[in-house]
Amino acid sequence: MKLINIKNLSKVYHTPTKEVLALCDINFDVYEGEILGIVGSSGCGKSTLLNILTKLETATTGKIQESYDLRVGYMMQNDALLPWLTVYDNALIGLKLKHLLTDENKCYVDSLLKRYGLYEFKNEYPRSLSGGMRQRLALIRTLAIKPNILLLDEPFSKLDIDARLKISDDVYKIIKELNITTVLISHDIGEASSMSDRIIVLTQRPGKIKDIFDVNFDRELIPSMRRSKEEFHKLYNEIWESIDHVS
Ligand code: ADP
Ligand code: MG
């Protein structure tokens with residue numbers, strides 16, 4: 001089933017001195033249950049596309065049709081944790097802002113913190129967490145509102161490579177366990193190839209769709225396991241060939 005249908009979407013930014021065409025004639029669907037990767041070089045319009053889906057930005061032209069009960073969870077490029085709030089209050093902030101701070105929802109957040117290894121840090125502040133733990137907390141905060149679609153904008157780009165590999169596995173397991181449709185933006189081909197079911201490649205700005213790749217991995221395989229498969233390397237190379245590399 002389609003959750004989102006995007007037709008002929010374009011985006012022009014107006015600055016005092018010029019117009020910037022960021023996205024041009026984008027067409028694609030997001031299907032229920034999939035992890036859809038979107039890759040492209042820096043500045044090609046990836047964040048713009050997610051900001052339009054979350055309605056932080058408006059499209060200049062085009063049409064977006066959404067399933068009527070879409071609840072969007074958005075995790076931005078930086079983890080945006082509030083340093084003056086405890087881990088627990090950070091996890092609850094999305095619910096608070098939406099006036100959904102019920103006992104039942106608090107219990108759900110407790111269960112997420114327990115399941116994903118942060119419950120014992122509940123009363124600590126974000127500064128005492130590792131990069132990977134902060135990212136997990138940001139994800140829990142996003143999951144607290146029980147989204148049925150998750151939009152992740154380069155969620156691991158601030159982490160070093162070891163932490164990235166570990167958190168990719170963690171996040172993948174969480175997404176598959178909760179069976180949440182996900183759009184994962186990345187400029188890292190390996191990250192997108194190891195986590196996605198389908199991958200859209202955008203051209204350099206203005207971002208247009210260059211290719212769409214189906215990923216034929218066993219969906220039970222976690223990212224670190226996929227990376228050792230021959231199919232992974234083949235897919236990586238195909239995407240590498242497709243992508244515009246900025247010199
Ligand atoms: P990506 O996330 O792929 O790196 P962005 O979506 O952030 O790319 O940006 C796409 C293009 O639009 C870039 O050239 C960027 O400079 C431009 N852009 C982004 N936001 C604005 C804005 N608010 N005003 C003007 N130009 C913008
Ligand atoms: Mg971006």
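Guide: One term to start: buried means under 20% relative accessible area, exposed over 50%, and partly exposed in between, using a 1.4 Å probe and protein chains only. Helices are DSSP runs of H or I with at least four residues, strands are E runs of at least two, and both are numbered from the N terminus. This is a predicted model, where local features need pLDDT of at least 70, side-chain atom pairs count only at pLDDT 80 or more, and totals for chains, interfaces and linings use all residues. Residues are numbered from 1 along each chain as its sequence is written, chains are lettered from A and ligands numbered from 1 in the order written, and side-chain values use heavy atoms, without hydrogens and water.
Visitor: Okay, is helix α1 mostly covered or uncovered?
Guide: Mostly covered: α1 spans residues 46-53, and seven of its eight residues are buried. Among them are Lys46, Thr48 and Leu49.
Visitor: New topic. Which residues surround ligand 1?
Guide: Those with a heavy atom within 4 Å of the molecule count. They include Tyr13, Ser41, Gly45, Lys46, Thr48 and Arg205.
Visitor: Which element gives the most to that shell?
Guide: α1, with three residues.
Visitor: What lies 2.5 Å from an oxygen atom of ligand 1?
Guide: A polar side-chain atom of threonine 48. For arginine 205, a side-chain N or O atom is 2.9 Å from a ligand 1 oxygen.

Key: A polar contact is a pair of N or O atoms within 3.5 Å; within protein, one must be able to donate a hydrogen and the other to accept it, and residues adjacent in sequence count only if both atoms are side-chain atoms.
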